[in-house]
Amino acid sequence: MFDAFSPFDLSRDGVRLHGRIGGSGAPLLLLHGHPQTHANWHRVAPRLAEQFTVVLLDLRGYGDSGRPPADEHHRTYSKREMALDALHAMQLHGFTRFGVLAHDRGARVAHRLAADHPEAVERLMLLDIAPTLAMYEHTSEAFARAYWHWFFLIQPPPLPEALIDSDPVRYIRSVMGGRHAGLAPFAPEALAEYERCAAIPGSAQAICEDYRASAAIDLDHDRADIAAGRRLAQPLRVLWGAHGAVGRSFDVLSLWRERADRMTGGALPCGHYIPEEAPAELLAEALSFFNANSKD
């Protein structure tokens, strides 16, 4: 899927991180969501690489990146730690300032990256999320039913881990196939990659810890930002699926306007998995948004 990209591996604080790099031009970091890997960009990354140096990274706990042990306060899988992983990966390639395009869990990492390291993030495009704290605070019955995994994965160990480990492929297909378009949008080779990586030992614990962190320490970090009046200053564009639960359950634009100074957004004609359901529409948005750097 990524013949024109070169793989790379690095280590930060003992955690191995895996990714790919390709193309030429201004640097652009792509971060995937749950329960996927950097393979979720296979329909858009080659085209983006014609104009940008594209860096694809597997988040810790996903893909072929490491799965460090959990800690009592879930710091290991906090979005602050994941953001430092991403920053380290970009600096490894000599990039101190770059754009970020991110989906789902990766978009939550990107939000924290832009908040903690505003000097590094030039522009930010987030796909199918509202701010984490707002989503928890405004959870409705409809959202809880659609995003049941948010509440399943944060339950105390070892039950969620044991259920996922009993059949990782079933978990992948249940989560991804239970949304708007079912499994139809996913290329067989991409789906096989998600299933392979979900079966790597330690994946179930890592997935749960990612979500436990989001319901605990990540919320503390978000509340601290709000209390201090810290807002995103970078140009921010937020896109969501018109047929997805986020757009139906939340006023996405209003919630992001509470956290960002310069933001725009809108819905695309798809469900949650925008890079694979609506790659042409996403490419048009991304090329326009990130090429605006040269016009600012």
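Analyst: Here we set values against cut-offs, one label at a time; keep in mind that this is a predicted model.

User: What makes Tyr 136 count as buried?

Analyst: Its relative accessibility is 18%. Buried means under 20%. Therefore Tyr 136 counts as buried.

User: Why is Phe 151 called partly exposed?

Analyst: Its relative accessible area is 26%. Buried needs under 20%, and exposed needs over 50%. The value of 26% falls in between, so Phe 151 is partly exposed.

User: How do you know that the rings of Tyr 136 and Phe 151 make an edge-to-face pair?

Analyst: Take two steps. Ring centres must lie within 6.5 Å to pair, and these are 6.3 Å apart. Planes over 60 degrees apart count as edge-to-face, and these stand at 90°. So the pair is edge-to-face.

User: What does this pair tie together?

Analyst: Tyr 136 lies in helix H4 (residues 132–137). Phe 151 lies in helix H6 (residues 148–152). The pair therefore ties together parts that are 15 residues apart in sequence. Both rings also belong to one aromatic cluster, with Phe 143, Tyr 147, Trp 150 and Phe 250.

User: How many aromatic pairs are there by this rule?

Analyst: The count comes to eleven. One of them is Phe 2 with Phe 5: 5.6 Å centre to centre, 90° between the planes. That pair is edge-to-face. Phe 2 and Phe 5 are both buried.

User: What makes Arg 105 count as a charge over the ring of Tyr 211?

Analyst: The distance limit is 6 Å from the ring centre. Arg 105 lies over the face of Tyr 211, at 3.7 Å from that centre.

User: Why is strand S5 called largely enclosed?

Analyst: Count its residues. S5 covers residues 98–103, and six of the six are buried, so the rest of the structure largely encloses it. Phe 98, Val 100 and Ala 102 point one way. Gly 99, Leu 101 and His 103 point the other way.

User: How do you know that S5 pairs with strands S3 and S6?

Analyst: Pairing takes at least two bridges. S3 (residues 26–31) and S5 have four, in the parallel sense. S5 and S6 (residues 121–127) have six, and they too run parallel. In S3, Leu 30 stands opposite Leu 101 of S5. Val 100 stands opposite Leu 124 in S6. Between S5 and S6 comes helix H3 (residues 105–116), and the three make a right-handed β-α-β unit.

User: Which residues have the most contacts inside the largest nonpolar core?

Analyst: They are Leu 29, Leu 48, Phe 98, Val 100 and Leu 101, in a core of 100 residues. Beyond four places in sequence, Leu 29 touches Phe 98, Val 100 and Leu 101, among others. In soluble globular proteins, nonpolar side chains tend to be buried together.

User: Is Pro 185 buried or exposed?

Analyst: Its relative accessible area is 11%. The limit for buried is under 20%. So Pro 185 is buried. It lies in the loop between H8 and H9. Leaving aside neighbours within four places in sequence, Pro 185 is in contact with Arg 43, Glu 276 and Glu 277.

Notes. Residues numbered from 1 in each chain as written. Predicted model: local features only at pLDDT ≥ 70, side-chain atom pairs only at ≥ 80, totals over all residues. Heavy atoms only, no water. Buried < 20%, exposed > 50% of the residue type's maximum accessible area, 1.4 Å probe, protein only. Helix = DSSP H or I, 4+ residues; strand = E, 2+ residues; numbered from the N terminus. Right-handed = clockwise from strand over helix to strand, strands pointing away. Core = buried A, V, L, I, M, F, W, Y, C linked by side-chain atoms within 4.5 Å. Contact = heavy atoms within 4.5 Å. Phe/Tyr/Trp six-rings, centres within 6.5 Å; stacked < 30°, edge-to-face > 60°. Lys NZ or Arg CZ within 6 Å of the ring centre and 35° of its normal.
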